[in-house]
2 protein chains.
Amino acid sequence: MADDEVILLDFWASMFGMRVRVALAEKGVVYEYKEQDLRKDHKSQLLLEMNPVHHKIPVLIHNGRPVCESSNIVQYIDEVWNDKAPLLPSDLYQRAQARFWVDYIDKKLYEVGRKSWAADGEEKEAGKKELIENLKVLEGELGDKCFYGGDTFGYVDIALVTFYSWFHTYETFGNFSFEKECPNLMAWIRRCLKKESVSKSLPDSQKILDFAVFMKETYFTKSG
Amino acid sequence: MADDEVILLDFWASMFGMRVRVALAEKGVVYEYKEQDLRKDHKSQLLLEMNPVHHKIPVLIHNGRPVCESSNIVQYIDEVWNDKAPLLPSDLYQRAQARFWVDYIDKKLYEVGRKSWAADGEEKEAGKKELIENLKVLEGELGDKCFYGGDTFGYVDIALVTFYSWFHTYETFGNFSFEKECPNLMAWIRRCLKKESVSKSLPDSQKILDFAVFMKETYFTKSG
């Protein structure tokens, strides 16, 4: 795989893009990072061509061929670079469980998390409440384990830990503390952050908060 | 795998449950079918225990252990019963493409399809319009191929063909014709229906329509 050409179309603040960065770092894959402008009518020709269906990042371009959707990309990376750092469990039942929980994360965190800072009033409160509830379900699934797959960092850990970069934003807009709400989940996050693949792939929390404040003022706040 | 105990918790009209029925039929797996009552406060203790997170069908119980979410179950079936009828492609890039399209089907058909019969007015029209648009995207992806994976019936075919059982309902409520809108997709459906695994797993279209009419009258139509 030494001659492979790997390009990642991404946006720095995307927890979905971060998943791919963590997975590539786990596997030690060298790649070219191409930051994308996601504003309407500003998307690059390359992004439109490589993800003609959704026009979204992340896109992994492997030897000229695009793979889209972050959880799909991470599975692809695990299958292609299978010589080190296995991400999905080899046991078939555990694999199905891992896919189930990544699907849960995909469906149950992003939208409610977004509401918790981008919305206002009741919608914002409902988003915050559901975000905390759903993270508690994930904390329950972790239980006493070191990582979601057991002793080693893997697919579910990658899918979830990148949301941590937004925790400071959720807490600031929602006026609550994850440390208080989900202490075991926060201990797991600290274990994940000891891995360079994670700590070097996640942007600074304050930078994300500044971005969210800018986005809310620019796009989400109703005038008047 | 002869001694395996396989139980499927399902509901006859669910296109997601049908996916599992088709996959099990393709693999020749003998299983016990347990029809579930999905009405609020009527769900079985078994369903609540086997899918404690979502309380939804389908659930495949394999030797006492549950697997949830239809696309996950079909992948699990393909990995466990791997001696015949491979469903996912072996080529890693094609596997990623197959997962991408199943994800597209999961995200882009059910909700809009439901709106096209359960909603009214503008919402209903928008659902119908988007349903047809999204099926045209899927027709475009099929192109000249016999099945989505090429010459053999597989993962994407299973995920999509089960929606056919609802086509008559969508057409009747929406007053349009899929034959006119997506003729190549309909030709593909006829190819799929030649397979006993499909034809025997999909319920009668008229029975689905009767069910939809009942559901709309009972639950979705605003009184007054």
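Contact here means heavy atoms within 4.5 Å. Helices (H or I, at least four residues) and strands (E, at least two) are DSSP runs, numbered from the N terminus. Axes are lines fitted to C-alpha atoms, for helices over the stretch in contact, and angles run from 0 to 180 degrees between N-to-C directions.

This is a predicted model, in which local features need pLDDT of at least 70 and side-chain atom pairs pLDDT 80 or more, while totals for chains, interfaces and linings use all residues. Residues are numbered from 1 along each chain as its sequence is written, chains are lettered from A and ligands numbered from 1 in the order in which they are written, and side-chain values use heavy atoms, without hydrogens and water.

Start with chain A. It is divided into domain 1 (6-80) and domain 2 (92-220), with bounds from an automatic or database domain assignment. Their C-alpha centres lie 20 Å apart. Domain 1 of chain A gives 17 residues to the contact, and domain 2 gives 25. UniProt, in an unreviewed entry, places "domain: GST N-terminal" at residues 4-85 of chain A. Such annotations may be inferred rather than shown by experiment. Over residues 4-85, chain A is 37% helix and 21% strand.

Now find the sheet. Strands of a sheet pair through backbone hydrogen bonds, either parallel or antiparallel. Two strands count as paired if DSSP finds at least two bridges between them. Chain A has an open sheet of 4 strands in the order 2-1-3-4, with mixed pairing. Strand 2 (32-35) and strand 4 (65-68) of chain A each have a single partner strand, so one side of each is left without a neighbour in the sheet. The twist averages 20° from one strand to the next.

Look at one pair. Strand 1 (residues 6-10) and strand 3 (residues 59-62) of chain A are antiparallel, over 4 bridges. Val6(A) stands opposite His62(A). Helix 1 (residues 15-27) of chain A lies across strands 1, 2 and 3, at about 155° to strand 1.

Next, the cysteines. A disulfide is a pair of cysteine sulfur atoms within 2.5 Å. The count is 0 disulfides over all chains. For Cys182(A), the nearest cysteine sulfur, in Cys192(A), is 14 Å away.
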